[in-house]
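Thanks for coming. I have one structure to go through today, and I will keep it short.

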Amino acid sequence: QVQLVESGGGLVQAGGSLRLSCAASGRTFSSYVMAWFRQAPGKERDIVAAITRSGGNTYYADSVKGRFTISRDNAKNTVYLQMNSLRPEDTAVYYCAADRYVLITTTPSTYDYWGQGTQVTVSS
């Protein structure tokens, strides 16, 4: 059983930055693909970024490439999402997710564990 807890969300002005953190319980953190998803009101939950177990491969949604960076620190059981040049359309609840599968996937249903989410609001 894995628990994920997100933090770092909040209100930020357009063009600003936030860093989200996801702290995982247990001693098997390094065994999981980790990802960030986001969901805006009335919209589907979509992949933002993902990272493989050792951090060797990453995935980014086209909408965030060049602005967001996913990273992980397995010694701290933590995954991060550095968000720069934020735009109002980035406003959403951001969820941390873990997948026992070895390869990155982009579909929410393939992920095994989820955090409660953290709200990110970007003002115009």
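Predicted model: local features only at pLDDT ≥ 70, side-chain atom pairs only at ≥ 80, totals over all residues.

The structure holds four salt bridges. Start with D90, which pairs with R38, the closest N and O atoms being 2.9 Å apart. D90 sits in the loop between β8 (78-83) and β9, while R38 is in strand β4 (residues 33-39), so this pair ties together parts 52 residues apart in sequence. D90 counts as buried because its relative accessibility is 0%, and R38 also counts as buried, at 14%.

D90 has another partner: R67, with the closest N and O atoms 2.7 Å apart. R67 is in the loop between β6 (58-60) and β7 (68-73), and 23 residues separate R67 from D90. Both R67 and D90 are buried.

R100 and D112 also form a salt bridge, at 3.3 Å from N to O. Both residues lie in the loop between β9 and β10, twelve residues apart. Here R100 is exposed, at 54% relative accessibility, and D112 is partly exposed, at 31%. As for shared partners, salt bridges join R38, R67 and D90 into one network.

Last, the surface. Y101, V102 and L103 make a nonpolar patch with about 280 Å² of accessible area together. V102 is in the loop between β9 (92-99) and β10 (113-114), and is partly exposed at 39% relative accessible area.

Methods:
Residues numbered from 1 in each chain as written. Heavy atoms only, no water. Patch = residues over 30% accessible without salt bridge, like charges linked within 9 Å, V, L, I, M, F, W, Y side chains within 5 Å. Areas by Shrake-Rupley, 256 points an atom, 1.4 Å probe, with all protein chains shown as cover. Salt bridge = Lys/Arg side-chain N within 4 Å of Asp/Glu carboxyl O. Helix = DSSP H or I, 4+ residues; strand = E, 2+ residues; numbered from the N terminus. Buried < 20%, exposed > 50% of the residue type's maximum accessible area, 1.4 Å probe, protein only.
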